[in-house]
Amino acid sequence: MQLLIMRHGEAGWHTLDQERELTEHGRLAVAEVAAQIAESPWRPKLIWSSPYVRARQTAAIVSEILNCPVEEKLFITPDDDPGACLDALIEQHESPLMVVSHMPLVGGLATLLVDAHRRGIPFMTAQAVALEMPVVGPGCADLKAQFLP
């Protein structure tokens, strides 16, 4: 399986975390990263997005540039367990797949798949990484590419 993990673009402030929207800088950075992915062999066939506004906006920009559908997933919000996403990935057959979410989930998921622990690596906003896994499981992925704004 090929998997792209992307953190949402830069977001402004809101009293409700779920309602934070992308800034103009965030939108431009997401579009820049999506354009890099479009020129790579890592174009996703499907995007999973967190239901939070900033992630949905990020996924919509990427979807438009890469011409692929988006599915909202309730188990990839900032404080969700990366293990729940891993369980869903085991059942997923679409590849390449992109997950658009938040810190600390994106960092925890990446390290769970690559290093089999959940301590998490930092992701900057709009950053994406590409992983390749012969089988989906902890420690089974290799980091193949990184996309930065």
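Leave out residues up to four places away in sequence, and Ser 101 touches Met 6, Arg 7, His 8, Ser 50, Ile 76, Thr 77 and Val 106. Keep in mind that this is a predicted model.

**Ser 101**
- You'll find Ser 101 in strand β4, which covers residues 97-101.
- Its relative accessible area is 0%, so Ser 101 counts as buried, the cut-off being under 20%.

**Glu 71**
- Glu 71 sits in strand β3, residues 70-72.
- With 34% relative accessibility, Glu 71 is partly exposed, because that label covers values between 20% and 50%.
- Setting aside neighbours within four places in sequence, Glu 71 is in contact with Leu 46, Ile 47, Trp 48 and Ser 49.
- Between Glu 71 and Ala 141 there are 23 Å in space, C-alpha to C-alpha, and the two are 70 residues apart in sequence.

**Helices α3 and α4**
- Helix α3 (residues 82-91) and helix α4 (residues 105-115) have axes that come within 9 Å and cross at roughly 60°, which makes α3 oblique to α4.
- The crossing of α3 past α4 is right-handed.
- On the α3 side, the contact is made by Pro 82, Gly 83, Cys 85, Leu 86 and Leu 89; α4 brings Leu 105, Gly 108, Leu 109, Leu 112 and Leu 113.
- Sorted by type, the residues of this contact are eight nonpolar and two polar, with no charged ones.

Methods. Residues numbered from 1 in each chain as written. Predicted model: local features only at pLDDT ≥ 70, side-chain atom pairs only at ≥ 80, totals over all residues. Heavy atoms only, no water. Helix = DSSP H or I, 4+ residues; strand = E, 2+ residues; numbered from the N terminus. Buried < 20%, exposed > 50% of the residue type's maximum accessible area, 1.4 Å probe, protein only. Contact = heavy atoms within 4.5 Å. Axes fitted to C-alpha atoms, helices over the stretch in contact; angles between N-to-C directions. Parallel < 35°, antiparallel > 145°, perpendicular 65-115°, else oblique. Left-handed = near helix turned anticlockwise from the far one by under 90°. Nonpolar A, V, L, I, M, F, W, Y, C, P; charged D, E, K, R; others polar.
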